[in-house]
Amino acid sequence: MTRPWAKLLCTASALGLASCADAPKQAATVTRTAPPAQPQEISAAQPAGPNVKQGKVTRIPLGTFFQLQQSGKALIFDVRPGFYYNLGHVPGAINWPKGRFEEQLNQREALIRTAVSANKPVLLYCTDLACPDALNIATRLAGRGHSTAILQGGWEAWKAGELPTE
C-alpha cells in the first residue's frame with residue numbers, strides 16, 4: 001500500500017523538485033524556552049582566489065536563529081527546492097535552492113554584501129539534520145569569502161518548535 005505522502009515525494013523527486021528530503025523524518029523535540037547556545041564552527045572552504053579571504057561555516061541553534069529572525073537582523077536563505085519552500089518556510093526567508101546556486105549567485109551575493117555591511121549574519125537552512133544542501137551552499141559561499149551559519153535541525157526543528165511560518 002502506497003501512502004499519499006510517499007507518492008508525492010516520489011513524484012517531486014522524479015520531477016527534480018526534491019533534493020535531500022526523500023522521506024519524512026521524525027522531528028526532534030524542540031523547547032522554545034531553552035537559552036540559546038553559541039554558534040559552533042563546522043568547516044571552512046578553500047578561498048576562490050588568492051585575494052579572497054576564507055569564510056567560515058557554523059551551526060546555529062534554533063533559539064539564536066529565531067531571535068535573529070524575529071529581530072529582522074539576519075539574511076535568511078531557505079535552500080530547499082522551491083516546491084518545499086512554497087509549502088511553507090521561515091518568515092522572511094529567501095528561496096535559494098542548491099540546483100539554482102550558480103544561476104542566482106550574482107543576485108544573492110549582492111544581498112549578502114548588503115547584509116554584511118549592515119552587520120547582519122547570513123543564515124541558511126534545509127530540511128533537517130540529515131540534509132546536505134545547506135552545508136553544500138554554505139561551503140561554496142565560504143570559498144567565496146562569505147561566512148554563514150546553518151540552522152541546526154533545519155525546517156523540521158522550526159516546525160517542531162511550532163514557530164511562525166509563511
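**Fold, aromatic pairs and helix packing in a predicted model**

The chain has six helices and six strands, where helices (H or I, at least four residues) and strands (E, at least two) are DSSP runs numbered from the N terminus. Read along the sequence, these elements follow the pattern α-β-β-α-β-α-β-α-β-α-β-α. The model is predicted, so that local features are reported at pLDDT of at least 70 and side-chain atom pairs count only at pLDDT 80 or more, whereas totals for chains, interfaces and linings use all residues. Residues are numbered from 1 along each chain as its sequence is written, and side-chain values use heavy atoms, with hydrogens and water left out. Of the 166 residues in the chain, 41% are buried, the term buried standing for under 20% relative accessible area, exposed for over 50% and partly exposed for values in between, with a 1.4 Å probe and protein chains only. Among the contacts with a separation of 6 or more, 68% are accounted for by residues 24 or more positions apart, a contact being defined by heavy atoms within 4.5 Å.

A pair of aromatic rings is described by the distance of the centres and the angle of the planes. Rings of Phe, Tyr and Trp (its six-membered ring) were taken to pair if their centres lie within 6.5 Å, with planes under 30 degrees apart counted as stacked, over 60 as edge-to-face and the rest as tilted. By this rule the count comes to seven aromatic pairs. In one of them, the rings of F65 and Y125 have their centres 6.2 Å apart and their planes at 90°, and the pair is therefore edge-to-face. This pair links distant parts of the chain, given that F65 belongs to helix α2 (residues 62-71) and Y125 to strand β5 (residues 122-125), 60 residues apart. F65 counts as buried because its relative accessibility is 0%, and Y125 counts as buried at a relative accessibility of 0%. The pair formed by F77 and W96 has ring centres 5.0 Å apart and planes at 65°, so this pair is edge-to-face. Here too distant parts of the chain are linked, with F77 in strand β3 (residues 75-78) and W96 in the loop between β4 (94-95) and α4 (101-117), 19 residues apart; both F77 and W96 are buried.

A search of the whole structure finds one disulfide, defined as a pair of cysteine sulfur atoms within 2.5 Å. This disulfide joins C126 to C131, with an S to S distance of 1.8 Å. C126 is buried, with a relative accessible area of 2%, and C131 counts as buried at 8% relative accessibility.

In helix α5 (residues 133-143), the buried residues are D133, A134, I137, A138, L141, A142 and G143, and the buried residues of this helix pack against β2 (56-60), α4, β5 and β6 (148-151). Helices α4 and α5 pack at an angle of about 65°, with their axes 12 Å apart; axes are lines fitted to C-alpha atoms, for helices over the stretch in contact, and angles run from 0 to 180 degrees between N-to-C directions. The contact is made by F101, E102, L105 and I112 of α4 together with I137, R140 and L141 of α5. Helix α5 is followed by G145, whose phi is positive, near 95°.

Positive phi values also occur at residues other than glycine. N119, with a phi of about 60°, is placed in the loop between α4 and β5 and is exposed, with a relative accessible area of 70%. E162 has a phi near 55°, lies in the segment after α6 (154-160) and counts as exposed at 62% relative accessibility.

In strand β4, where I94 is placed, this residue counts as partly exposed at 23% relative accessibility. The C-alpha atoms of I94 and I76, 18 residues apart along the chain, are separated by 6.2 Å. Leaving aside neighbours within four places in sequence, I94 is in contact with L75, I76, F77, D78, Y85, R108 and L111.
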